[in-house]
Amino acid sequence: MMSALRFFPLALTGLLLAAAPAAKAQTTTAAATSVSPLQLKDGAFRRAGRTYRLLNGQESPLTESLPLADGFELRPDGRLIRNGVTRQLLQNGQAVTMQGNVVLLRDDMLTPAAIAQHDQQVTGGSTTTIAVPAAANLAALVPQFERTVSRLAQLQQLTSLLDQRATSLSAGTAPNAMLDSQIRQLIQQLALK
């Protein structure tokens, strides 16, 4: 009896420690699904078993089918349907964009302004945008692409020559000296690049 009483405080402490992360996880999950509609893109989402429409930062219950750009429609019960066939049922915390992409409400439906605001709050910094003219990038890449194409052609030629050499060796004949010379020459060219 006495040993059982000594064990009881340890067991109670263990239970309380095990329950603490679960309680924290529940409050974190509840907080994760509450996002201000003013920060969200147009689309729809599910919360507490109901489907809501997001339009111009305003949230309202979805009362009729919402057509999406990919040919699907979202029904008020949360089903994505195309030609009468259900693709999937949105779960609580999921959203669908107007293009028909199923995403997480908390992470993927934030507007760029909301992302910048969150970045400012978390890091104290601001979003930096760098614009590089596409023409300058392409002009710099052309010589690299040409070298890559040339190298690929040489690798294909080397593969073919090595295949010929392996075939002659497997047939029991010695490969000719010209074939070996071509292989060595290609290997040297590839090593220089």
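**Figure 1. Order of elements along the chain.** From the N terminus on, the elements run α-β-β-β-β-β-β-β-β-β-α-α-α-α, with five helices and nine strands in the chain. Helices (H or I, at least four residues) and strands (E, at least two) are DSSP runs, numbered from the N terminus. The model is predicted: local features need pLDDT of at least 70, side-chain atom pairs count only at pLDDT 80 or more, and totals for chains, interfaces and linings use all residues. Residues are numbered from 1 along each chain as its sequence is written, and side-chain values use heavy atoms, with hydrogens and water left out. Of the 193 residues in the chain, 22% are buried (under 20% relative accessible area; exposed is over 50%, partly exposed in between; 1.4 Å probe, protein chains only).

**Figure 2. The open sheet S4-S5-S6-S7.** Four strands form this open sheet in the order given, with antiparallel pairing; two strands pair if DSSP finds at least two bridges between them. Strand S4 (66-67) and strand S7 (85-89) each have a single partner strand and stand at the edges, so one side of each is left without a neighbour in the sheet. S4 is joined to strand S5 (residues 73-74) by two bridges, and Pro 67 stands opposite Glu 73 in S5.

**Figure 3. Surroundings of Thr 51.** Thr 51 is found in strand S2 (residues 50-55) and is buried, with a relative accessible area of 3%. Its side chain reaches the backbone nitrogen of Gly 78 at 3.3 Å. Not counting residues up to four places away in sequence, Thr 51 touches several residues, among them Phe 45, Leu 62, Leu 74 and Asp 77 (contact means heavy atoms within 4.5 Å).

**Figure 4. Salt bridge between Arg 87 and Asp 70****.** The closest N and O atoms of this pair are 4.0 Å apart (a salt bridge is a side-chain nitrogen of Lys or Arg within 4 Å of a carboxyl oxygen of Asp or Glu). Arg 87 lies in strand S7 and Asp 70 in the loop between S4 and S5, so the pair ties together parts that are 17 residues apart in sequence. Arg 87 is partly exposed at 37% relative accessibility, and Asp 70 is also partly exposed, at 23%.

**Figure 5. Salt bridges of Arg 75** **and Arg 79****.** Arg 75 pairs with Glu 73, their closest N and O atoms being 2.7 Å apart. Arg 75 has a relative accessible area of 26%, and Glu 73 has 25%. Arg 79 pairs with Asp 77, the closest N and O atoms again lying 2.7 Å apart. Arg 79 is partly exposed at 29%, as is Asp 77 at 37%.

Methods. Polar contact = N/O pair within 3.5 Å; in protein donor to acceptor, adjacent residues only side chain to side chain.
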